[in-house]
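I opened my notebook to look up a few things in one protein model. Below are my entries, in the order I made them.

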Amino acid sequence: MWERRLGEVILASVSYPTYASEHIFVHHSLACTPGDPGSAPKGVSFWRYLPREIKSNFTEAWRFEQLRLTRRRLPVWHYTNPFSRYVGVTVAWYALVYWMGGLWAVLGYAILSTCIIMSMKLINYVQHYGLRRIRLPNGRYERVRPWHSWSAAYRLSNWFFFNMQRHPDHHIAPGRRYPLLQHCGADAAPQLPGTYVEMAGLAVRPRRWFEKMDPRVDRWRKHFYPDIDDWSAYDSPATAERPDAFEEISEIFSSAPRLADWIDRSPELLDNLRDREFTDLDLPKGFGPSAEVESIARRGLTRLYWTRELDVAEMRARIDDFPVQDVRETVERARNWTNDKAFQIGMHTLRGNLTPIEAGTALSNVAEASIGAVLASIDEDFGVRGATGGLAAVALGDIASGEAAPGVNLRLALVHEGGPAAHYEALCRRIRDALHALTQDNLLFASTARGESPVVASALADFQKEFGNAGASGRLGDLTRTKCIFTFGDAMIETRFEAARREVLAGEDARDDSIGEPDRIGRDSAETMSSVLKPEPGSFVAVERAARKLRLRLAEDEGMRALDSATAFRKAGERGLIDGDTAERLANAAALWRNLRGIRRLIADGALEVESAKPGVRTAIARSCGCDDFDALTVAVRETAIRAAADIDAL
């Protein structure tokens, strides 16, 4: 006991007495797990490691001592709390320095203590860099072994460091005094390529450190864990921030690189998987008579909730529940809410509780609700202020037809009538600025550059000139999928816009060559994913163009606004515009391509070569399209494309 008290006094002399609690009770139990800030993951530089390690040293030590006293039913400020000693001894050291040398001595003493603490953190960083204990099927981590610490066998430096370089043995036998620590050879523990002094000097230069150590970490992994190919979840920043969510993180990293990027940038998204809104739908395993019944129940609940029960009005009410003061705060609140819901929907899709098409409906509702909340805030702050006219905010494209996917382009038409033109120009400018801010760091919307605008604005009188005469520009096709999501001032502006829209679509300029190409989503340049799932005849583009042509012919019918592609084919078949069997085949093709496109946008941002992707990625893609495996999906894609090409030619 006297040795421990002496150690506390020595640590207090460098302003770091809490290390006595954190090192023994936290680091030794959690070493080389994501829950230990002192064990640096591979790829994390010392300068990123340092702030979190210093902060956690105080917070984790306090949390442990608080828990210890709580279990003994003692108040946190009980005299047995070692923090009372830590504070007292540290203050005594500073008082002694002040008595001996005054304020300047205290300042120099604080700087010296900081340098010593930093040197300790450098050694901590070196001792476990990149090494990880494996999580076992029962949820616990394997026991600490010699290969979970770096060792060094340099005799002279070991004398100077009191055998501290024999760190593996220190973790195997924590009670063993340092002069008695044993060296673990290369077969039992990884070996450092230099002394602690050399490695500490290398650690402050991240590029040199990574070049030297990362290949050694890779060799360590292949040597001690040859059966593990994917270490990404262990190295993830999200795992370090949310170690209790390791299972969910592993699931995401194995099957959805884009979601993995989301949680690495915003680990707080994982907290959504603990909300009742998510857990009540994602029913636990074992509640039903069979896995198939459980899957049906889970999927039925999720689909009912996200496509029926939680509609746009309910979503708007939830956003409005949060107190905000101005438009800027509303945008921030709506963005955070959108990110949370997009992540929940993405996880349900990844687990097969929603198809990408069903997720598209839910995501479109989320988009409409968040945009509507922002526009309502602008209306309250600015609005039409007594003007006699009105302005309609009309969503275009995938959001309007309920086919949104992560990375969807926010496209809005602002059509106004009556009132002073200068007022509407100012209102439209505010809307542009707010929606531009909404798309930044947004998981659902594609980010827009400062020079770009997510909206187009025009007076109703100029509407036909803007859209009807677009001709070869392809903008006429935008009017086949529209949905008014908010009105400023005179609510009848929506009715007048709809009449003008139908007049434009019925005009002589509504030709096939004016419908344009299907929407690109964000940075997406490919309609599906790779050559295997991107057939030329009967492809996504061909089917979507055929659907757009039919929408033009259906546009004159009341209630035929904003049809998704599959519904457009079925409605055309019901009205005798095309053969019924052909309509059903094309609807199925449109559904398959939409599922493929939706899951692609969920799991990857940019190019994705499915043939070389992780098995979990291929499984997620196949399951989202209703296929047992990826080979079955490839066959289904080929056969569907051939039939779709023949049916489109027949049209």
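**Entry: His170**

I started with the contacts of His170. Leaving out residues up to four places away in sequence, I found that His170 touches His23, His28, Tyr178 and Leu181. Contact here means heavy atoms within 4.5 Å. I placed His170 in helix H6, residues 167–172. Helices (H or I, at least four residues) and strands (E, at least two) are DSSP runs, numbered from the N terminus. Is His170 buried or exposed? His170 counts as buried because its relative accessibility is 5%. The cut-offs are under 20% relative accessible area for buried, over 50% for exposed, and partly exposed in between, with a 1.4 Å probe and protein chains only.

**Entry: ground rules**

I noted that this is a predicted model, where local features need pLDDT of at least 70 and side-chain atom pairs count only at pLDDT 80 or more, while totals for chains, interfaces and linings use all residues. Residues are numbered from 1 along each chain as its sequence is written, and side-chain values use heavy atoms, with hydrogens and water left out.

**Entry: the whole protein**

I looked up the overall numbers next. The protein has 25 helices and 4 strands. Of its 651 residues, 52% count as buried. I also checked contacts between residues at least 6 apart in sequence: 70% of them join residues at least 24 apart. The accessible surface is about 30,200 Å², and carbon and sulfur atoms account for 54% of that. These areas come from the Shrake-Rupley method with a 1.4 Å probe; for residues, only the protein chains shown count as cover.

**Entry: salt bridges**

Side chains of opposite charge can pair when their charged atoms come close. A salt bridge is a side-chain nitrogen of Lys or Arg within 4 Å of a carboxyl oxygen of Asp or Glu. How many salt bridges does a search of the whole structure find? The search finds 42.

I looked at Glu8 and Arg85 among them. Their side chains meet in a salt bridge at 3.0 Å, N to O. Glu8 lies in helix H1 (residues 2–12) and Arg85 in helix H4 (residues 82–128), so the pair ties together parts 77 residues apart in sequence. Glu8 is buried at 5% relative accessibility, whereas Arg85 is partly exposed at 26%.

Then I took Asp398 and Arg597. Their closest N and O atoms are 3.8 Å apart in a salt bridge. Asp398 sits in the loop between strand E1 (390–396) and strand E2 (412–417), and Arg597 in helix H23 (residues 580–603), so this pair ties together parts 199 residues apart in sequence. Asp398 is buried at 2%, and Arg597 is buried at 4%. I also found a network of salt bridges that links Asp398, Glu403, Arg481, Glu544, Arg594 and Arg597.

Glu584 and Arg570 form a salt bridge too, with closest N and O atoms 3.2 Å apart. Glu584 lies in helix H23 and Arg570 in helix H22 (residues 565–574), so the parts tied together are 14 residues apart in sequence. Glu584 is partly exposed at 35%, and Arg570 is partly exposed at 34%.

**Entry: a surface patch**

Which residues form a nonpolar patch on the surface? I listed Trp2, Leu6, Val9 and Ile10, with about 420 Å² of accessible area together. Patches are made of residues with over 30% relative accessible area and no salt bridge; like charges are joined within 9 Å, nonpolar side chains (Val, Leu, Ile, Met, Phe, Trp, Tyr) within 5 Å. Val9 is in helix H1. Val9 is partly exposed, at 33%.
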